[in-house]
There are 2 protein chains.
Amino acid sequence: MVSRLSRIYWPVSVVPKDAVVKNQDITSRSQKLLLELGLIKSAGNGTFCILPIAERAMSNCAKLVDKHMQSVGAQKIVLPSLTSSHLWEKSGRLKDCCGELLITKDHQGKEHVLGPTHEEAITSLVAQSSPISYKQLPLKLYQIGLKFRDELKPRFGLIRTKEFLMKDLYSFDVGLDEAKVTYDEIDSAYKALFTELGIPWKKVRASTGMMGGHLSNEYHIPSHIGEDTIIFCEKCDFASNCEEYDDLKQCPVCVNSDLRKEKSIEIAHTFLLGHKYSKALGATFLQSNGKPKNIFMGCYGIGISRLIGATLEALSTENALRWPLALAPYKICVIPAKSGSKEEAKSDVWVEKLCAELCRMFDSDQILLDDRNNLTIGKRLMENKRMGYPVIIVAGSKILESDAKFEMHLQLENSSQELIFTDLINEIGKYFHSKQTEEEFHEKV
Amino acid sequence: MVSRLSRIYWPVSVVPKDAVVKNQDITSRSQKLLLELGLIKSAGNGTFCILPIAERAMSNCAKLVDKHMQSVGAQKIVLPSLTSSHLWEKSGRLKDCCGELLITKDHQGKEHVLGPTHEEAITSLVAQSSPISYKQLPLKLYQIGLKFRDELKPRFGLIRTKEFLMKDLYSFDVGLDEAKVTYDEIDSAYKALFTELGIPWKKVRASTGMMGGHLSNEYHIPSHIGEDTIIFCEKCDFASNCEEYDDLKQCPVCVNSDLRKEKSIEIAHTFLLGHKYSKALGATFLQSNGKPKNIFMGCYGIGISRLIGATLEALSTENALRWPLALAPYKICVIPAKSGSKEEAKSDVWVEKLCAELCRMFDSDQILLDDRNNLTIGKRLMENKRMGYPVIIVAGSKILESDAKFEMHLQLENSSQELIFTDLINEIGKYFHSKQTEEEFHEKV
């Protein structure tokens, strides 16, 4: 069934035109638009409620991440948020991460860390059934769940929050060489995912920091609100987080001096962890010679809610959201004529026909009908453009012409056309088909 | 692509036959089987890791709940787990729930309650955009997310834990009469859901307890491990939680004395809350006369992880899990001949043909191939029966007969048959079709 906009909980914040808005907390474009358009609401300092339309984008994003993780044979699990502080003592991170850990105590006086990441929890899980057979390796386990961090300064809406949705994958291998193969495989899945989203991303070298380990990369979206700075070579594909290189004058790869710096948002990171956690917590495997050995680990994170914030930050205009097709809460929004207008009757007939045809072409759940027929087409078109639905179709005054015409707006292309019904259907088909083909193309690269 | 059992992380606990198992913590059948079969692992007192096969059941359960909630027009959202303790002060529940709340403090000294339920959070959300128009009512918002409770005594595996997955729906109505209509609608969705699961459930009257409000019902699965006792009339459909009626001698509906008591597990509850939270937190709507009024609320919960535990508790045998079709991690499990056996070559050919045909009939993701061909068919059949896959198909020695035969085991029916290929495919088709028809039938009732 097609969704009807009038039934959706979507509490737009009406800001009077002459109001002096003095909201110092709103620090980014995506945050401003998501709040004003009633897609998220602040629930506290660094926590948000995700409302129905944004929830659909979040769920689309999680499904997309599932698809790409499963493409490399990763298996989904659920680890608890409450992790015993003893595990964090064993790994030595109870002190290291002290500033950002949220901790709760139960009635027995036991302390639980609200997981900001789950190396301790997953390693302890695998340790429970250790030694596992070398035949079970490589093992890739992941979850999509909440993470908690006591951020000093939450900001930029979904980009830096106290509580957020994250995909974290952990890999287990026989040794360094095998772990590198796994690392590259997951890197390919990340590239395919970000390419499918159609966002401008860069992979950079990064510091291993408090995770420890051998090697780390981050994936960034350039943005002036970014809290990181990346440095990259204009001539080769060297790129690094500036933390890594303090005062670089030359490209360490091609030794030229055409280096550029750019502010950016980290959306994902990968680490070759080595034996740090498996040693501390006793995760081992039986080698083919029958002797046990510590497992070589890696970890791979993508902030799901942050990825949505960063994607909107990168694609949106100052005044309007832009959703990539893969995340769009609805792919197509249809606007019929205003009630009481002279085109109403004819528009209703055509819109019914159109919706029936769209439901044959797509999952009907992807189609949104803006049935707020008491509003003018102009007002509704403006609002839906701000909401960023990729395809908007209007059945307005041109529907009265002898060759009844629809307006089709392609928002990511910033284009619009007037089309008769059969052409409209053809063009929509071609548009989504070409997007899919692009994806398939990128996936093959 | 068909899933291969050899690739799945499934750390079965091998208990030596002569071992004296002294595990006082294992207190229920579902817990024992889930742990022994490597579907969950304990992560602490009352917290569990959900491993890949069980995660599929959890995700199936969440999808099923989504379907039934959306059938009554409920909209999905996400509320944060961290809720300000100020909200709990305002509603008066900071003291009421004191014993079971897990609380954490951030670096600014602010206290956050880890939501055991979200009446405060949702009411505060709606209050932010209050007054909303009466035209927006009834409004039904729900989420599927984590809940935290500092249980005095976590037990029975997934049934009573410190951290669990729950569906909580909140309804907003103009007044009592309208709220009752909503209440009945959601009650119907609950009935359809539990009927689709094929579990023996009972709806009973319940106390409003610390939730407050006008009316409350619970949904129970009878079980000797149940921590509740329900009392019900053998002659009419009166049923109640014993908390409600201390010492009942006669049925309060049909006034006869054929009352029975039974232990049971609560799997869901519903409350007509009234104005308790909307008044305390200022959630209002504009009446058609233009005047604001507090919204009349209801709340409706289903413990998703608990529902899985309780369903397995009700359907499983002492030694083997039984999954209802709607939750089964895989619907069909296929066992080819042992490698090196004289039937191997022929079995492999038939199994390939079978899998191709099953992938045409079902989502290929629903088919599990037990490719651990180094094990005998007998051992694999026994293990897969314990795992409770609804349909198991064996291509064993009978595949060598001139009219090659498969064994088909229907576990919920506790039956098995030998069938040639075309009959096998027909029977499988009929079996799933009849199950669907049952569902559709129940949905219409």
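Q: Which residue forms a salt bridge with A:R56?
A: In this predicted model, local features need pLDDT of at least 70 and side-chain atom pairs count only at pLDDT 80 or more, while totals for chains, interfaces and linings use all residues. Residues are numbered from 1 along each chain as its sequence is written, chains are lettered from A, and side-chain values use heavy atoms, with hydrogens and water left out. A salt bridge is taken as a side-chain nitrogen of Lys or Arg within 4 Å of a carboxyl oxygen of Asp or Glu. The closest N and O atoms of the pair lie 3.4 Å apart, and the partner of A:R56 is A:D365.

Q: How many salt bridges does the rule find across the interface of domain 1 of chain A and domain 2 of chain A?
A: The domain assignment, automatic or from a database, gives domain 1 (29–315) and domain 2 (330–444) of chain A. Across the interface of these two domains, the number of salt bridges found by the rule is two.

Q: Which element gives the largest share of the side of domain 1 of chain A that touches domain 2 of chain A?
A: Helices are DSSP runs (H or I, at least four residues) numbered from the N terminus, and those giving two or more residues to this side are α1 (29–36), α2 (52–70) and α6 (176–197) of chain A. The largest share, four residues, comes from α2(A).

Q: What area do domain 1 of chain A and domain 2 of chain A bury between them?
A: Buried area is the accessible area (1.4 Å probe) that two parts lose on being put together, summed over both. Carbon and sulfur atoms carry 56% of the area buried between these domains, and the total is about 970 Å².
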